[in-house]
Structures are given as structure tokens and as C-alpha cells.
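Here's a quick tour for anyone meeting this structure for the first time. Take a look, then read on.

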Amino acid sequence: MELLSSIPAFLQENCYSLLLVLLLVIVTSRWFFRKPSDLPPGPFSLPMIGCLHLIGPLPHVSLHELSRKYGGIMHLKFGTVPFVVVSSEEAAKELYKYRGLEFASKVPTIAGRHFGNDFNGIIYAEYTPQLKLYRKIVNTHLLSATRLKVYDKIRREEQCSLARSIVSAEGTPIKLRDKFHNLNVNIITYMLFGERFYGAHARNTAALDAFADAVIESLRLSGVFNISDFIPGIKWLDVQRLEKRYKQLIAKVNDYLLSVLQDHRRNPRKYGRDEPVPFIDVLLSLDSTEEEVSDITKLSLLFDMLLGAVDTSALSLEWAITELLRHPSAMEKARKDIDSVVGSNRLVEDSDLDQLPFIAAIAKETLRLHQLAPLALPKVVRGGPSKLGGYTIPNGTCAFVNFHSLGIDPAHWKDPMKYRPERFLEADIDVFGQDYNLLPFGSGRRMCPGAKLGFDTLQIGIATLVQGFEWKLAKGQDPADINMDETYGLVCHKTQPLIAVPKARLERSVYSS
Ligand code: HEM
């Protein structure tokens, strides 16, 4: 009381109000100036460029290195745009399993606006009821296990035609990537349009060539880092001249696809009971049903399937054969397995794969060490803020999982950098989004819809090349000297194409059966 009486009267009167104000100032200033509350840790962002100076030509590798310092959930800015990068199994599981809805929309990039016909279709779209319908259409009518069975015949024909074209080049150095590319493109174009783009049965028209080139270039440009996405303030400058090119390419793609669509609409094809109906005709047959989609969506879906399929399995197959050349004992074991299951009077078939677990192991080990899409396609938090690992992730933050980090995490993988397909015989590890240490096709709501087709094509490709041929490198090169550099893009690929010399192992007649 004595102390209080020594304080001037006017202060005494307001003492309680002052204390209250002080308390309020402390509480609100902590909220106002907090290091945006409980954001995950991450490197310091510079004005304008954010952390772009820390990202090298292989972003998944740079981000992996950063995650070793900052942890499995990291916050950083690319340009002025805030990002969260997930690099640990627990965080990936939480994101896909419990926060899937909040992290299911794609970041609206400039490429997505154009290549996705204003974010239509699947690849570039936000997570909406329309997207769910489009994914359902694709999953049910094109890529389900049942539909893929119907298309088996096509894949078998392409597998044999790949083998024949290699036999015809016996003894000479061949660029395997080109052969694999043709195989992959023919499979998907036959499934989509009922026609092959390459080889003896192809139409070989200038329009088709121009379209195929436009698809390949679009795929390449989709993976090019567009600075305007990260510093939106300079978007109008289009410094890399990318937007201009996107517009030209999508115009070419749409023109061609629309002409094919109209042709199929005007001249409906008839198919026998067991004949595979091309997806374009399936889309037309959905008109006037509850699954009807507009023509521009039809074009977007066809384009999405091409972008997703044209190079993925082909580039994985190139990695697979490269690793087998570097590891002759794995090649030998795979060959022995196939010889004992299939023999030498016929080429390996899809139906043999169940009995060839080592081929599956080779495919998985290839996808683990050489992830085609090492970073998930970036998503943006919607309906948030969201929570992840106890941190708060504000609405509008972009996010992706670093699949590369998961696949080489030493806490889960013994000798992670070592090529050892046997690890997949020792443990049953899934590649279809259930095992969060290995997500080559992603997981959850935006997982790759073509995963089964991609994985099956990879397996049958490996089995055919191992069973059908002995391989040597050109000019007596030592396999240990093969350049293993990779180049980042929408699809991450071997920088230097593999050139190898085949020698047929089977009777000629087997390849033409
Ligand atoms: C070895 C082959 C393949 C690999 C490794 C692969 C991998 C991937 C990955 C990692 C994603 C991104 C997942 C994410 O962002 O979370 C993806 C998305 C996608 N893939 Fe594949 N893919 C392959 C084959 C295919 C095929 C054959 C098709 C089509 C026929 C296809 C169509 C798509 C589509 C449409 C998306 C976007 C899905 C969405 O955003 O909802 N992919 N793929």
C-alpha cells in the first residue's frame, strides 16, 4: 500500500488500465512481428529472388542438400513466391494421407494457362469436381487394369516391332532412346487415336509430323523454369519469350487434335467386340451422357495423356539398360530367370511378368535411383491454412514433395546410392503410392493415372531387351565409364543418350512371331 501511495494520484487511477494496455501491446506485437508464426524452418530469402540463388541445375539435388540442414519440412521462397518442400517419409505420409484435399490443387503457372487451355483437363488443373470427373473418365475408359487388358494386343505388337527393329540393326551402334521413344509414342497414340505415329503403318503426313514435334516441344517447355511464375511483377516482359512460344505450340496442338476429333465425329468407326476402341471415340461416345465433356476438354485430356506418356517409360527404359550394362551380374541373373520361365522359342509376354520378380525389382530400382519426375508437380494450399508436422502452412503457399530425397533416405534404404535390385526381393515395396519412401508415380489425389501402364511398359521393355539381345557399348567403351549425368526437366533424363550395339540371342523367327 505504501508503494502504491508513492505513485502520483492520476497514475494510481489509471494503473490497471495501463497494465491492461501494456499486456495488449505485448500480445499483439508478438502476433504482428512473429517470424510468420509456426512456419517451417528454411534458408533466408533475399528480396526479389528469394532462395533462387541456392537452386542449381538439378533442383531436386539442391533441395535435398538444403533439407539435410533444415529438415523434412522446409519453407523457402522461389522469387517472391512462398514454397514448402517436403523431404521426409513422415511428412509425405501426413501430406498425402491426412492433408490431401488441401494440397491437391496445381499451382496456376503460365505454362498451365496455355498448355492446359486455361487450366482445363488434368495436369494443370485445380482440384475441382470437374477434375475429379476427368480423372474418373481417364481411369475408367483408358487406364484401368481392365481397359489396359483390351489394349494388350497393341502393346504386344509394339514390343515385337521394337525387337525386330533392333535385330535389323544388329552389330551397329544404336541410340536406344529413339527406339524406345517410338515404342512409347506408338502405344499411346494407338490407344488414343487408333493409329501409330511411327513405323511402317504410320501415315507419315506433314501435319502429323508437325503435331508430334509440337507435343515434344511442349513437353520440353513445360519443364523449363519460367522466371515470370516466380517474380510475377515482371510477367509482362516475358523475358524468356516462353509465353509467346506456349501460345504458338498450343494453337498447333489444338488445331490438329480438333481436326482429328471432327473427323472421328463425322465418320464414326465401327469396332468388333474384342477390338480396342480408341479413347477419342470413347470420349465422343460419352456425349449426351452424364460424363459428357466439352470439345476443348476432350482436346485437353488427349493432350494430357500424350504429355504424360510420350517419354516417361522410354527414358526410364534407357536408365534401366544403362544400369544393367554397368552391372553385368544383374543382367545375367535377369536373363537366367527369363530363360528358365520363357525359354528361347518365344518372346517374353506380359503374362510372364508375375513369374519374373527380378524384372520388377530392376524396374523399381531404376525408378528409385533415376526418378523421372523427382519433384512432385507443385500444388498450392487451398481451403487452408493447413497443418503439416505441427507447422502452419498459410493458404496460397505452394508445396511439393521431393521424391528424390525419399528414395535415397539412408534412414530407410541401406547403401542408398548403390544399385542393388535385390533389395526389392528382400522386402515387398510398392511403387504405387502406398509406400512413402518410394513414390515414383506420386501418391494421393493427384497421383499419376498412367502408373500401371508406365510400369508395365517399363517391365516388358526391360525383359525384351534382356532376353532378346546381348549388349555391348560402342567403340569398346568400358561400362564403368558411362556418363551418368542427368538433365532436369518435366521429365528428368540421362544427359548423354545411351549408344549400344545389339547382338540377337534368339532365332530370327522368334522376333517375327
Ligand atoms: C514410367 C512412367 C511414368 C512415371 C514415372 C510417371 C510419373 C508421374 C509423376 C511423378 C506424376 C506427378 C505426381 C504428383 O505430382 O504428385 C505424374 C503425373 C501424371 N502422369 Fe505420369 N508417369 C508415368 C507414365 C504416365 C503415363 C503412361 C501417363 C498417361 C497415359 C501419365 C499421365 C500422367 C498425368 C495425366 C499426370 C497428372 C495427374 C494429375 O495432375 O492429376 N503418366 N506422373
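L324, L325 and R326 in α15 meet P328, A330 and M331 in α16, where a contact means heavy atoms within 4.5 Å. By make-up, that contact has five nonpolar residues, no polar ones and one charged. Keep in mind that this is a predicted model: local features need pLDDT of at least 70, side-chain atom pairs count only at pLDDT 80 or more, and totals for chains, interfaces and linings use all residues. Residues are numbered from 1 along each chain as its sequence is written, and side-chain values use heavy atoms, leaving out hydrogens and water.

**α15 and α16**
- Helix α15 covers residues 312-326 and helix α16 residues 328-342; they pack at about 110°, with axes 5 Å apart.
- That makes the two helices roughly perpendicular (65 to 115 degrees; under 35 is roughly parallel, over 145 roughly antiparallel, and the rest oblique).
- Axes here are lines fitted to C-alpha atoms, for helices over the stretch in contact, and angles run from 0 to 180 degrees between N-to-C directions.

**α10 and α12**
- Helix α10 (residues 206-222) packs against helix α12 (residues 242-266) at about 140°, and their axes sit 9 Å apart.
- This pair is therefore oblique.
- On the α10 side, the contact residues include A207, L208 and F211, while L242, R245 and Y246 are among those from α12.
- The tally for this contact is 11 nonpolar, one polar and three charged (Ala, Val, Leu, Ile, Met, Phe, Trp, Tyr, Cys and Pro count as nonpolar, Asp, Glu, Lys and Arg as charged, and the others, Gly among them, as polar).

- Helix α3 (residues 59-70) has 12 residues and should span 16 Å at 1.5 Å a residue; its end C-alpha atoms are 16 Å apart, so the two agree.
- P59, H60, S62, L63, H64, L66 and S67 of α3 are buried, meaning under 20% relative accessible area with a 1.4 Å probe, protein chains only.
- Among the elements covering those buried residues are β1 (73-78), β2 (81-86) and α18 (403-407).
- Just past α3, G71 takes a positive phi of about 105°.

**The whole chain**
- You'll find 21 helices and 12 strands in the protein chain; these are DSSP runs, with helices being H or I of at least four residues and strands E of at least two.
- The C-alpha trace spans about 110 × 55 × 40 Å along its principal axes.
- Of the chain's 513 residues, 50% count as buried.
- Among contacts between residues at least 6 apart in sequence, 73% join residues at least 24 apart.

Technical notes
Expected span 1.5 Å × (residues − 1).
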